[in-house]
Amino acid sequence: ALDVSKEKNLDLYVGWKEGKMVFVDEPLVSVLRRMERKYNVDYKIEDAILNDYRITGTFLNETLEEFLKLIAASSPINYKICRPEGGEERIFEKRIIRLTCEK
C-alpha cells in the first residue's frame, strides 16, 4: 500500500536549499538558536515572558538587522545590539543581542 500525504508547507523541510528559514508557530528560543548559528551572535532574553512567545514567518537572505527589525515590527520585542569587546590577545567575542519585552 502506498500512503501519500500532501504537505502544505514544503518550505519547512526543503526551504533551506533556497536559503529560506521557515518557522511555523515555533518558540522564540528555538528560532533564536537557529539565528545564532546563521549570524554568529548570542541572544540574551532579558524578560522571561518572551520565552512563551512563538514565531511564524519565512526569512530569505535577510541581514541580522533586517531580521531583528521584522521581529520587532511584528511583536512586542525590542532589541539592542551590543558590540563585542576585545578580550585577551585581542580576540573579539560574538555580538550580543539583548531582547526585551515592550512595556
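## Sheet, core and salt bridges in a predicted model

Within strand β5, residue I96 is the bridge partner of D42. The model is a predicted one, in which local features need pLDDT of at least 70 and side-chain atom pairs count only at pLDDT 80 or more, while totals for chains, interfaces and linings use all residues. Residues are numbered from 1 along each chain as its sequence is written, and side-chain values use heavy atoms, with hydrogens and water left out.

**The sheet**

The strands named here, like the helices, are DSSP runs numbered from the N terminus (H or I with at least four residues for helices, E with at least two for strands). Two strands are taken to pair if DSSP finds at least two bridges between them. On that basis, three strands make an open sheet in the order β2-β5-β4, and the pairing is mixed. Its edge strands, each pairing on one side only, are β2 (41-45) and β4 (77-82). From one strand to the next the twist averages 25°, where axes are lines fitted to C-alpha atoms (for helices over the stretch in contact) and angles run from 0 to 180 degrees between N-to-C directions.

The strands β2 and β5 run parallel and are joined by five bridges. Strand β5 (residues 95-101) also pairs with β4, here in the antiparallel sense and over six bridges.

**The nonpolar core and its aromatic residues**

A nonpolar core is a set of buried Ala, Val, Leu, Ile, Met, Phe, Trp, Tyr and Cys residues joined through side-chain atoms within 4.5 Å. Here buried means under 20% relative accessible area, exposed means over 50%, and partly exposed lies in between (1.4 Å probe, protein chains only). The largest such core has 20 residues, and M35, Y43 and F67 are those with the most contacts inside it. Two or more residues come from each of β1 (20-27), α2, β2, β3, α3 and β5, and α2 gives the most, with five residues.

F67 is buried, because its relative accessibility is 1%. Leaving aside residues up to four places away in sequence, F67 touches V31, M35, Y39, Y43, F59 and E62.

Rings of Phe, Tyr and Trp (its six-membered ring) pair if their centres lie within 6.5 Å, and planes under 30 degrees apart count as stacked, over 60 as edge-to-face and the rest as tilted. The count by this rule is three aromatic pairs. In the pair of F59 and F67 the ring centres are 5.1 Å apart and the planes stand at 75°, so the arrangement is edge-to-face. F23, Y39, F59 and F67 together form one aromatic cluster.

**Salt bridges**

Side chains of opposite charge can pair when their charged atoms come close. The criterion for a salt bridge is a side-chain nitrogen of Lys or Arg within 4 Å of a carboxyl oxygen of Asp or Glu, and the model has four of them. The table lists some of these pairs.

| Pair | N to O distance |
|---|---|
| K94 and D42 | 3.9 Å |
| R98 and E46 | 3.0 Å |
| E65 and R95 | 3.7 Å |

In the salt bridge of K94 and D42, K94 lies in the loop between β4 and β5 and D42 in strand β2, so the pair ties together parts that are 52 residues apart in sequence. K94 is partly exposed at 37% relative accessibility, and D42 is partly exposed at 26%.

In the salt bridge of R98 and E46, distant parts of the chain are again linked, with R98 in strand β5 and E46 in the loop between β2 and β3 (54-60), 52 residues apart. R98 is partly exposed, with 34% relative accessibility, and E46 is partly exposed, with a relative accessible area of 41%.

In the salt bridge of E65 and R95, the link runs from helix α3, which holds E65, to strand β5, which holds R95, across 30 residues of sequence. E65 has a relative accessible area of 31% and is partly exposed, and R95, at 22%, is partly exposed.

How values were computed: Contact = heavy atoms within 4.5 Å.
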